[in-house]
Amino acid sequence: MIIRTATQADLDQVLDVESRAFGSAVEAALVRDLLTDPSAAPTLSLIALDEAEPIGHILFTKASIDGQDRPVSSLLAPLAIVPDRQRTGVGRALVAEGLARLATDGVSLVFVLGDPAYYGRFGFSPAIPEGLDPPHELPEAYRDAWMVRSTCESALRDAAGTVRCADAIMRPEYWA
Ligand SMILES: CC(C)(COP(=O)(O)OP(=O)(O)OC[C@H]1O[C@@H](n2cnc3c(N)ncnc32)[C@H](O)[C@@H]1OP(=O)(O)O)[C@@H](O)C(=O)NCCC(=O)NCCS
């Protein structure tokens, strides 16, 4: 398996991975929207390939806290592995590669709305107790699913407020 930056030439394959992973067109449409949304930049879009076959995709887009530029933050969404390759380590490899690249780029906080049992493995923990609120109020059962991972202690200590994400993913239906 190799992981590399996804380019415009990979778009159809990226959208196909998203559709197959989720069994729905919703996430593929979200990815397409995010990749053309100026407020999502800088983005990090990574594709996993086995030989030439696309088997996974992860997207990170810009996030900020109450409109501040510091600390530099990112949102992980979505992560998609094709059904017949799930639970074989592809997701783990994509998350690890993405987090490493973001750290190199000076991104000190990464947010995700996802399964705590899964993302907890990568150092994500609930963000609301840290004073970092999601863009929209979440149902009580999902409040712990809003998580943050920091590359350094001070980034988390100094940050508080409501997180703003790219316009394309700020639509309330993605947070209901
Ligand atoms: C959820 C998903 C991204 C996980 O990726 P994956 O490549 O299948 O998972 P990995 O093989 O990297 O799993 C790493 C570890 O997490 C575990 N794991 C996988 N999915 C899990 C889940 N939903 N909850 C808890 N643990 C999970 C694996 O068992 C594995 O454990 P191990 O290290 O002890 O072997 C993938 O299954 C997927 O695309 N699902 C459909 C789309 C989706 O739900 N995306 C996530 C929301 S954005």
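Which side chains meet in a salt bridge at 2.9 Å, N to O? The side chains of Glu97 and Arg101 do, where a salt bridge is a side-chain nitrogen of Lys or Arg within 4 Å of a carboxyl oxygen of Asp or Glu. The model shown above is predicted, with local features needing pLDDT of at least 70 and side-chain atom pairs counting only at pLDDT 80 or more, while totals for chains, interfaces and linings use all residues. Residues are numbered from 1 along each chain as its sequence is written, and side-chain values use heavy atoms, with hydrogens and water left out.

Glu97 and Arg101 both belong to helix 3, where they sit four residues apart, about one turn of the helix. Helices (H or I, at least four residues) and strands (E, at least two) are DSSP runs, numbered from the N terminus. Glu97 is partly exposed, at a relative accessible area of 27%, and Arg101 is also partly exposed, at 24%. Here, buried means under 20% relative accessible area and exposed over 50%, with partly exposed in between (1.4 Å probe, protein chains only).

Helix 3 itself covers residues 90-104, 15 residues in total, and spans 21 Å from its first C-alpha to its last, close to the 21 Å expected at 1.5 Å a residue. That expected span is 1.5 Å times one less than the number of residues in the helix. Buried residues in helix 3 are Val90, Gly91, Leu94, Val95, Gly98, Leu99 and Leu102. These lie on the same side of helix 3 because they cover an arc of only 155° around the axis, the arc being that of the directions from the helix axis to the C-beta atoms. On the face turned away from this buried side are the exposed residues Arg92 and Thr104. After the helix comes Gly106, with a positive phi near 85°.

What of the other salt bridges? A search of the whole structure finds eight. One of them joins Asp10 and Arg4, with the closest N and O atoms 2.7 Å apart. Asp10 is buried, at 5% relative accessible area, whereas Arg4 is partly exposed, at 30%. Another links the side chains of Asp158 and Arg157, at 4.0 Å from N to O; both of these residues are exposed.

Glu27, in helix 2 (residues 26-35), is buried yet has no salt bridge, and the nearest side chain of opposite charge, Arg171, is 11 Å away. For charge, Lys and Arg count as positive and Asp and Glu as negative, with His and the chain ends not counted. The side chain of Glu27 does make a polar contact with the side chain of Ser24, at 3.4 Å. A polar contact is a pair of N or O atoms within 3.5 Å; within protein, one must be able to donate a hydrogen and the other to accept it, and residues adjacent in sequence count only if both atoms are side-chain atoms. Leaving aside residues up to four places away in sequence, Glu27 touches Glu18, Phe22 and Pro78, contact meaning heavy atoms within 4.5 Å.

Arg70, in strand 4 (residues 68-81), has a relative accessible area of 62%. Arg70 and Val110 are 40 residues apart in sequence and 13 Å apart in space, C-alpha to C-alpha. Glu51, in the loop between strand 2 (44-50) and strand 3 (53-65), is exposed at 75% relative accessible area.
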